[in-house]
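Please look over the structure below before reading the notes.

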Amino acid sequence: MSLAQARLLQLDAQGLLQPLRRRPRRSDVVAMIERMRLLQIDTIHVVARSPYLVLHARLGDYPMTWLDEALAQGQLAECWAHEACFISAADVAWHRGGHDQRAHHWAHRHAARMHREQRADMDALLAGIRESGPVRAADFVRKDGVAKPGWWEWKPEKRWLEAWFALGELMVARRENFQRVYDLAEHVLARLDPPFDPTTAELSAADLRQRAIVDGVRALGVTPAGWIADYFRLKPKVTDRELAPLLATGELLAVPVQGWATPGYVHRDHADVLDKALNGRLRATHTTLLSPFDPLVWDRARALAMFDFEYTIECYTPAAKRRYGYFVLPILHRGRLIGRLDAKAHRGDGLFEIKALFLEPGVAPTPALVQAVAKAIADTAHWHGTPEIRLGRTQPVVLAKALRTALNAAQ
């Protein structure tokens with residue numbers, strides 16, 4: 001398999017090979033999260049918050065409320081996986097099992113340490129929820145009266161709620177204006193759809209690790225062993241030797257990929273797509289903007305190896321040291337990552353500001369590419385409720401005139 005064919009297989013697995021050919025349905029939200037296996041949560045909202053943006057890249061013009069409603073109705077749940085993520089209700093049980101695996105995650109380690117050090121306060125908070133019902137962090141008043149940004153400035157109750165969430169005693173019942181509403185885990189588990197299966201959570205750590213490995217391979221489409229662990233933050237790393245039994249049972253298939261020193265692994269569910277890829281019958285037609293926390297690019301080493309795309313999210317970098325901008329969205333165009341744009345949505349003004357747009361070195365701004373990128377930007381701006389588009393600087397500079405013309409036509 002060539003690297004180009006491997007990219008197409010990965011894009012197909014991730015739902016990014018071709019645009020949805022019909023209007024999105026409510027059920028598509030849960031189905032797409034099941035396809036990706038998880039949907040990472042991030043609160044930055046200079047554009048749409050990341051989970052909504054990840055779904056938009058795959059579903060197009062869908063109402064953002066569908067994600068919130070699926071959580072409130074028990075079709076989705078939240079847990080710590082890759083990072084904090086939405087997962088399908090069908091997958092909750094196995095995420096709540098495998099304590100040995102979960103204990104490796106930094107969130108679980110931090111929460112366990114906090115409970116050891118602040119046990120009385122945390123236990124009192126949990127008892128209060130058991131008596132009085134669901135709560136938000138906003139229900140607790142800061143004693144110092146000063147609200148500051150950043151998790152390190154959270155009020156104690158917010159830290160304790162998050163710790164109990166990481167430890168599994170609390171779950172997220174719903175969100176209100178994207179704020180978590182915490183409730184006892186047994187209450188949230190009782191209304192999951194499909195119902196919670198406690199026997200899955202009781203599987204051995206080895207069985208649950210194998211499930212995570214298989215799901216990671218399925219979500220990635222094709223992957224060497226070295227990329228698998230990151231998807232669910234597994235420790236230790238996955239090795240070819242560990243995968244040998246899954247090859248023997250036919251759960252996984254192995255295929256050599258040009259340029260890879262080790263085999264590429266494909267889940268048997270993708271056997272037909274693998275055959276299409278090998279025979280040149282997969283075609284990438286999708287152009288869209290990706291979240292910095294999209295599964296396609298969150299592993300920066302994988303993005304570099306698969307797409308020759310060097311990417312660092314710079315929102316945590318001091319402004320003077322940023323190369324591209326605060327919240328930079330990779331641009332996917334017909335199977336390649338061809339550029340990136342720094343954008344900000346001014347919701348009150350209905351304005352989508354493109355502070356800067358950069359094409360990758362060697363990418364030619366052909367009329368077809370410019371029109372496709374302009375349409376992707378206009379579609380995102382319209383979906384976001386900020387239909388007016390303002391274009392700032394571009395690289396190359398000669399792109400600006402053609403892109404501005406195409407944007408005016410696309411709005």
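The notes that follow are grouped by topic. The model is a predicted one. In it, 23 salt bridges and 9 aromatic pairs are counted.

- His82 sits in the loop that runs between β2 (76-80) and β3 (84-88).
- With a relative accessible area of 2%, His82 is buried, because the cut-off for that class is under 20%.
- A polar atom of the His82 side chain lies 3.4 Å from the backbone oxygen of Tyr231.
- Leaving aside residues up to four places away in sequence, His82 touches Leu38, Gln40, His105, Asp230, Tyr231, Phe232, Arg233 and Trp298.
- Two of these neighbours, Asp230 and Arg233, are joined to each other by a salt bridge, with 2.5 Å from N to O.
- Asp230 counts as buried at 17% relative accessibility, whereas Arg233 counts as partly exposed at 28%.

**Aromatic residues**

- Trp94, Tyr231, Phe232 and Trp298 make up one aromatic cluster; Tyr231, Phe232 and Trp298 are also among the residues that His82 touches.
- A pair of aromatic rings is described by the distance of the centres and the angle of the planes.
- For Trp94 and Phe232 the ring centres are 5.4 Å apart and the planes stand at 75 degrees, so this pair is edge-to-face.
- Trp94 belongs to helix α5 (residues 92-96) and Phe232 to helix α13 (residues 228-232); the pair links distant parts of the chain, 138 residues apart.
- Trp94 and Phe232 are both buried.

**Charges over rings**

- The charged end of Arg175 sits over the ring of Phe178, at 4.2 Å from the ring centre.
- The charged end of Arg340 sits over the ring of Tyr324, at 4.3 Å from the ring centre.

**Salt bridges**

- Arg340 also forms a salt bridge, its side chain meeting that of Glu360 at 2.7 Å, N to O.
- Arg340 lies in strand β11 (residues 336-346) and Glu360 in the loop between β12 (351-359) and α17 (367-384), so the pair ties together parts that are 20 residues apart in sequence.
- Arg340 and Glu360 are both buried.
- Arg209 forms a salt bridge with Glu242, in which the closest N and O atoms are 2.7 Å apart.
- This pair links distant parts of the chain, with Arg209 in helix α12 (residues 205-220) and Glu242 in helix α14 (residues 240-248), 33 residues apart.
- Arg209 is buried, its relative accessible area being 9%, while Glu242 is partly exposed, with 29%.
- A network of salt bridges links Arg37, Asp91, Arg211, Asp215, Arg218 and Asp269.

- Strand β5 is joined to strand β6 (residues 179-184) by 6 bridges, and the two run antiparallel.
- Across this pairing, Leu170 stands opposite Leu184 in β6.

How values were computed
Residues are numbered from 1 along each chain as its sequence is written. This is a predicted model: local features need pLDDT of at least 70, side-chain atom pairs count only at pLDDT 80 or more; totals for chains, interfaces and linings use all residues. Side-chain values use heavy atoms; hydrogens and water are left out. Helices (H or I, at least four residues) and strands (E, at least two) are DSSP runs, numbered from the N terminus. Buried means under 20% relative accessible area, exposed over 50%, partly exposed in between (1.4 Å probe, protein chains only). A polar contact is a pair of N or O atoms within 3.5 Å; within protein, one must be able to donate a hydrogen and the other to accept it, and residues adjacent in sequence count only if both atoms are side-chain atoms. Contact means heavy atoms within 4.5 Å. Rings of Phe, Tyr and Trp (its six-membered ring) pair if their centres lie within 6.5 Å; planes under 30 degrees apart count as stacked, over 60 as edge-to-face and the rest as tilted. A charge sits over a ring if NZ of Lys or CZ of Arg is within 6 Å of the ring centre and within 35 degrees of the ring normal. A salt bridge is a side-chain nitrogen of Lys or Arg within 4 Å of a carboxyl oxygen of Asp or Glu. Two strands pair if DSSP finds at least two bridges between them.
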